[in-house]
Amino acid sequence: MEMAEGSEFHMLNQYENEANVEAHIQTTGPEIWRQTEGKITHFVASLGTCGTISGNGSFLKGKNRDIQVIGVHPQEGHDIPGVRSMRQLEHTKLFRPDEYDTLVEVKNREAYDMCLRLTREESLIAGPSSALALVGALKVIEDQPDAVVVVIFPDNVFKYASSFERHFPHVRAAPPPPTRPGRAQSEGAASNHPGGELAQPAQHLGGGGPARGARGPGFAALPPRRADSGGLREADVAGG
Ligand SMILES: Cc1ncc(COP(=O)(O)O)c(C=O)c1O
């Protein structure tokens with residue numbers, strides 16, 4: 001803030017800047033409309049600055065008033081980077097609830113469990129705010145054959161390794177593969193994994209799950225959670 005007061009720097013302030021909304025009106029919205037060939041029925045986004053939901057919502061409703069615009073927010077005291085709870089949203093200028101059809105709250109646990117499921121079952125390395133949006137969609141949208149649901153996944157999980165570890169403390173890196181004879185120690189396994197810390201757990205987590213594409217990607221691909229599981233069990237986490 002202080003730096004922005006000088007002439008050398010400019011504070012974009014994505015929480016108040018209308019260009020945030022406008023960028024989605026000019027780019028993301030038209031892309032979604034094109035790619036769904038105008039068949040989109042529901043648009044779902046997690047709520048942070050609210051540029052995504054306000055921009056896309058405005059564009060898509062301009063094309064078809066019936067498109068349902070759904071905002072997903074975390075519980076109070078949440079631990080999901082990039083998004084804001086209802087109380088936090090009160091201070092967000094671009095939050096325009098009158099323009100959305102539905103607001104839905106998702107708990108920390110639900111978002112992180114879904115994050116893990118997406119990795120293990122769909123090979124989608126989505127971050128917790130993406131999983132949050134998907135849980136919200138599954139809570140409020142009926143599984144109708146003609147529903148075309150677009151859920152925004154803003155980020156991948158690699159930036160959130162410490163959050164992920166906090167929620168799944170037993171999900172740790174698998175031991176590095178043995179070093180081949182004659183290979184320098186400094187060329188150890190970690191340097192072969194550009195994803196860093198989580199590249200190894202992701203492999204570890206993936207064991208036993210079907211590869212992406214086995215059932216085809218998309219909203220319909222994610223099977224309902226097993227009735228007996230109130231969250232993923234340790235055996236699931238370990239790939240067992
Ligand atoms: C990881 C992550 N998730 C969700 C959001 C929310 O998007 P928006 O700010 O457009 O509401 C952001 C925004 O910066 C983000 O960084």
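**Helix packing, sheet and ligand shell in a predicted model**

Colleague: At what angle do the axes of helix H5 and helix H6 cross?

Modeller: In this predicted model, helix H5 covers residues 108–122 and helix H6 covers residues 128–140. Their axes come within 8 Å and cross at roughly 100°. Angles of 65 to 115 degrees count as roughly perpendicular, and H5 and H6 are therefore roughly perpendicular to each other.

Colleague: Which residues make the contact, and how many of them are nonpolar, polar and charged?

Modeller: From H5, the contact draws on Glu110, Ala111, Tyr112, Met114, Cys115 and Leu118. H6 contributes Pro128, Ala131, Leu132, Leu134 and Val135. By class, the contact of H5 with H6 has no polar residues, one charged and 10 nonpolar.

Colleague: Over how many bridges do S1 and S2 pair, and which residue of S2 is the bridge partner of Val44?

Modeller: Strand S1 spans residues 42–46 and strand S2 spans residues 68–74; the two pair in the parallel sense over five bridges. His42 stands opposite Gln68 in S2. For Val44, the bridge partner in S2 is Ile70.

Colleague: Is S2 largely enclosed or largely open?

Modeller: A residue counts as buried if 20 or more other C-beta atoms lie within 10 Å of its own. Five of the seven residues of S2 are buried, so the rest of the structure leaves this strand largely enclosed.

Colleague: In what order do the helices and strands run along the protein?

Modeller: The protein contains nine helices and four strands. Starting at the N terminus, the elements run α-α-β-α-β-α-β-α-α-β-α-α-α.

Colleague: What share of the residues is buried, and what share of the contacts joins residues 24 or more positions apart?

Modeller: The protein has 240 residues, of which 32% count as buried. Among contacts with a separation of 6 or more, the share from residues 24 or more positions apart is 76%.

Colleague: Which residues around the ligand come nearest, and how many of the shell residues are charged?

Modeller: Around the ligand there are 14 residues, and Gly48, Thr49, Thr52, Gly82 and Ser129 come nearest. The residues of the shell divide into five nonpolar, eight polar and, for the charged class, one.

Colleague: Where does Asn13 lie, and is Asn13 exposed or partly exposed?

Modeller: Most residues other than glycine have a negative phi. Asn13 is not a glycine, yet its phi is positive, at about 45°. Asn13 lies in the loop between helix H1 (2–5) and helix H2 (18–35). With 13 other C-beta atoms within 10 Å, Asn13 is partly exposed.

Colleague: What is the phi of Glu37, and is Glu37 buried or exposed?

Modeller: Glu37 lies in the loop between H2 and S1. Its phi is near 50°, a positive value in a residue other than glycine. Glu37 has 8 C-beta neighbours inside 10 Å and therefore counts as exposed.

Notes: Residues numbered from 1 in each chain as written. Predicted model: local features only at pLDDT ≥ 70, side-chain atom pairs only at ≥ 80, totals over all residues. Near = placed C-beta within 6 Å. Nonpolar A, V, L, I, M, F, W, Y, C, P; charged D, E, K, R; others polar. Axes fitted to C-alpha atoms, helices over the stretch in contact; angles between N-to-C directions. Parallel < 35°, antiparallel > 145°, perpendicular 65-115°, else oblique. Contact = placed C-beta atoms within 7 Å. Pairing = 2+ DSSP bridges. Buried ≥ 20, exposed ≤ 12 C-beta atoms within 10 Å, placed from the backbone.
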